[in-house]
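My notebook is open and I have a model to look through.

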Amino acid sequence: MAASVALSLAYGVGLYLALLAVGHHLDLRLLAPAILVCLVGEGVATAAPTPGGLGATEAALASGLLLYGVAADTAVAAVLVYRLATFWLPALPGYVALRALLRRRLL
């Protein structure tokens, strides 16, 4: 349970850092809403009928950030940076591991 809470908090901090990476001003009051938006967005991802919640997660995260007053262009850019870091980049080592296991005939 503690690991699940820590992972959710880490994802929220990741979304906050993505906001900072795209040029949003440093405002620690946005950290708690970023965590909440991330929790709701990941909940939408589990309910969406697409693999990995593609599309639905991005829309939920961007909409949540808009509700907290983040500009639309900043919200969309931050969500895309966040999803790149948490969804697409981890797939690369997984693909390499799959190819290595297939080459060794372990799968």
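**Entry 1: a threonine to start with**

Does Thr 74 count as buried or exposed? I looked it up: Thr 74 has 16% relative accessibility, so Thr 74 counts as buried. My cut-offs are these: buried means under 20% relative accessible area, exposed means over 50%, and partly exposed is in between, with a 1.4 Å probe and protein chains only. Thr 74 sits in helix α4. Leaving out residues up to four places away in sequence, I found that Thr 74 touches Leu 19, Val 22 and His 24. A contact here means heavy atoms within 4.5 Å.

**Entry 2: what kind of model this is**

I noted that this is a predicted model, in which local features need pLDDT of at least 70 and side-chain atom pairs count only at pLDDT 80 or more, while totals for chains, interfaces and linings use all residues. Residues are numbered from 1 along each chain as its sequence is written, and side-chain values use heavy atoms, with hydrogens and water left out.

**Entry 3: the overall layout**

I found five helices and zero strands in the protein chain. Along the sequence the pattern reads α-α-α-α-α. Helices (H or I, at least four residues) and strands (E, at least two) are DSSP runs, numbered from the N terminus.

The C-alpha trace spans about 50 × 30 × 30 Å along its principal axes. Of the 107 residues, 29% count as buried. I also looked at contacts between residues at least 6 apart in sequence, and 52% of them join residues at least 24 apart. The chain exposes about 6,700 Å², and carbon and sulfur atoms supply 72% of that area. Accessible areas come from the Shrake-Rupley method with a 1.4 Å probe, and for residues only the protein chains shown count as cover.

Next I picked Ala 34, which lies in helix α2. Its relative accessibility is 0%, so Ala 34 counts as buried. Which residues does Ala 34 touch, not counting residues up to four places away in sequence? I listed Gly 12, Leu 15 and Tyr 16. The C-alpha atoms of Ala 34 and Tyr 11 are separated by 9.1 Å, and these two residues are 23 residues apart along the chain.

Then I turned to Thr 57, in helix α3 (residues 56-67). Thr 57 is also at 0% relative accessibility, so Thr 57 counts as buried. With residues up to four places away in sequence left out, Thr 57 touches Gly 41, Glu 42, Ala 45, Gly 52 and Arg 83.

**Entry 4: rings that pair**

How many aromatic pairs does the structure hold? I wrote down two. Rings of Phe, Tyr and Trp (its six-membered ring) pair if their centres lie within 6.5 Å; planes under 30 degrees apart count as stacked, over 60 as edge-to-face and the rest as tilted.

The ring centres of Tyr 11 and Tyr 82 are 6.4 Å apart and the planes are at 85°, so this pair is edge-to-face. Tyr 11 is in helix α1 (residues 2-21) and Tyr 82 in helix α4 (residues 72-88), so the pair ties together parts that are 71 residues apart in sequence. Tyr 11 is partly exposed at 29% relative accessibility, whereas Tyr 82 is buried at 2%.

Phe 87 and Trp 88 also form an edge-to-face pair, with 5.0 Å centre to centre and 90° between the planes. Phe 87 is partly exposed at 27%, and Trp 88 is partly exposed at 46%.

**Entry 5: the segment after α5**

I ended in the segment after α5 (91-103), where I found Leu 106. Leu 106 has 57% relative accessibility, so Leu 106 counts as exposed. Arg 105 is in the segment after α5 too, and Arg 105 is exposed at 74%. Its phi is near 60°, a positive value in a residue other than glycine.
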